Amino acid sequence: MKKVLSLILMLAMLTSVTAALAEGETINVGCLQDISGPTSSLGNMATAGVQWAVDEINAAGGVNGKMINLIVYDTKADVTEAINAYTRAVTSDNVSAIVGPPIANIALAIAPESENNDVQILGFAIDSKCQIKPDGTPYKNMFDFQPSAAQQATIMAKYALKNGFSKFGVIYNEGNAYSVSLQAPFIDTVTANGGEVAKVVTYTSNDKDFKTLLQPIVSADVDAVFVPNYTQELILIAQQIRALGYEGSLICGLDACPPFNTLFGEDCDGIYFINNIDGTEANVQAMLAAVKEKTGIDATNKFFLGYDVANILKGIFETVGTNPVGVRNAAEQVTNYAGLTGNITIDPATHMPKGLEMVMFTYQGTTPVMLERYSAE
Amino acid sequence: MQILQYVINGIALGSVYALISTGFSLIFNVLKFSNFSHGALMTFSAFTGYFVAAANGWGLVPTILAAAATGSLVALAGEFVAFRRILIRNTSPIYFFVSSITLGTLFEGIVVLQVGANFYNYPRFFGKPLKLAGLVISQSDIIIFCISAFVLVVLALVIQKTRLGRALRSVSFDRDTASLMGIDVTRSIQFAFIISGALAGLAGVFLGINYTLYPTLGSLVVKGFIASVIGGLGSLPGAVIGAMLLGIVETTLISTIGSGYAPVFTFLIMLVFLLVRPRGIAGSNIQEKA
């Protein structure tokens, strides 16, 4: 019996030592994304960007001699799946940081849960409720690396007003944090600057037939319709509003970025959208060409967000190591990081970037055309 | 004018629901169980139609035919795998119900394995909408309505006027007596599954055109089920009437009380029908509902 116990003890010790050695040679980084589900086009692209950066980092010798081991978790755009994956990442896989998630509903669910741990979550959820608690202080581990919903909605409203649109309709998903977070600042900005919001309609995630909901907006003869929704809903709304004979413009959020134009299945003229990247910049063009050559895919904004965050994380690990508190302090101090999505400076009070630029685009046919650059103040 | 527009939108919506509810009712009529694999079959067939159309650059009609053919074949195979032995052993209808859910899960699982959990968008088959006296009617709604109406009329003729249709009606009335009268019951049931599968394929393509294609598209079968209950489970004319009513009620509710509350009232209406008139508008009083 003693022999058996001794053997088990030895095996346990051996396993621990091996695991410790393995941990010592690599840094586990989680990538919590929507790999499947209705927002998978976003999650897959973000993951590809993170993976690209990790490959570059490891090929260059890693971080202080340690390789980054990227562990990808699929949230399936489902809150329960996401929380389970998050728990697995911080308890079983001992990740040093997590990149993601790409959407607000998932980030909102994880934010309170993350307070029980010290692993930093560097994501892209633009609803400020994902980073800031009801008492106004930031969740200690939640960060966002693109302009907030209020900033993006303000940019879209200002662009629309500046370019001759004055009467708007709004259709948004009342059960989706991203959609809700964008509509209010858009309406506020429009009304504060002399514009009119003639009709606001809401829908739920179960809705597929929007014609009846869109009818009053079309009848109100608006110049443009603000459609802050995920890609699949956006496609349905765009198709159905065109089927109702509406020929005005649609002002959309990030979800109308490519690959919307390929998924839509027809010309996208009259659709305006906001984007994190400017395809006319040399460094962005170089990355687009490299990704296309190596993988055959056309990288979109989420790829660049993932790429930038992974490189920011590399810089943090190089400076402070993988101690969670150190990582948090360093993430709060990110200043003027020159990324492909712009110069990123994190506001420690909000855990969101300040002054990061965004770009308004439209489509000619199915080709994205850059219109104007805005600073997200 | 606005009300008329809602009615038009409702009829357009109802015409797709009618295809679902008819296919659903057909199987209920014959085997006296609610075939919940019908939704997943719609998805399976619609995806097949999508990939065939995308690969060959096909238009609407060949796409529909491909999806309908797929629906028929898969439904036939499903009948053999999931229902035949239960039928032969003459066991409780509850086993049909359980088997149909299992079969539906299998179909949906195959779709997810093949295409992932992402969504797809059919190519645009239709042009600009028609505008008549302040009313706007999309081409897709007109064509979908016309095709649905044509298919349902042909189905009614087949069931009423042909030997196969008469045999099917006999089997749906009393399988044992039909068998004693020399009718090949198995062949009639297979015929019902072929028709039901074709309708599933057709409905799947129309749903995909209207709402994009995704692996859980088949969940819209619930609408077909509600339409069947309202119209009268097992009644084909009732299924069509129920579907049209459901479409109009849905669009009216959405326009009056909003999208959030509309489903609540839709289900309330179904419950009221079950309470007040369990046999629905046109159905016979069937006791063995599963």
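Predicted model: local features only at pLDDT ≥ 70, side-chain atom pairs only at ≥ 80, totals over all residues.

How far apart do the C-alpha centres of domain 1 of chain A and domain 2 of chain A lie? I found 31 Å between them.

**Domains of chain A.** Next I checked the bounds. Domain 1 of chain A covers 2-146 + 283-344, and domain 2 of chain A covers 150-275 + 359-375. I then looked at where they touch: 14 residues from domain 1 of chain A and 14 residues from domain 2 of chain A take part in the contact. On the domain 1 side, helix α4 (residues 104-114) of chain A gives the most, with three residues. I sorted that side by class and got five nonpolar, six polar and three charged residues.

**Chain A as a whole.** I counted twelve helices and 16 strands in chain A. Its C-alpha atoms fill a box of roughly 85 × 45 × 40 Å along the principal axes.

**Chain B against chain A.** Last stop: the two chains. Here 26 residues of chain B are in contact with 27 residues of chain A. On the chain B side, α1 (2-31), α8 (185-211) and α10 (236-257) each supply at least two residues. The largest share, four residues, comes from α1(B). By class, I wrote down ten nonpolar, 14 polar and two charged residues for the side of chain B that touches chain A.

Terms used: Residues numbered from 1 in each chain as written. Chains lettered and ligands numbered in written order. Contact = placed C-beta atoms within 7 Å. Nonpolar A, V, L, I, M, F, W, Y, C, P; charged D, E, K, R; others polar. Domains from an automatic or database assignment.
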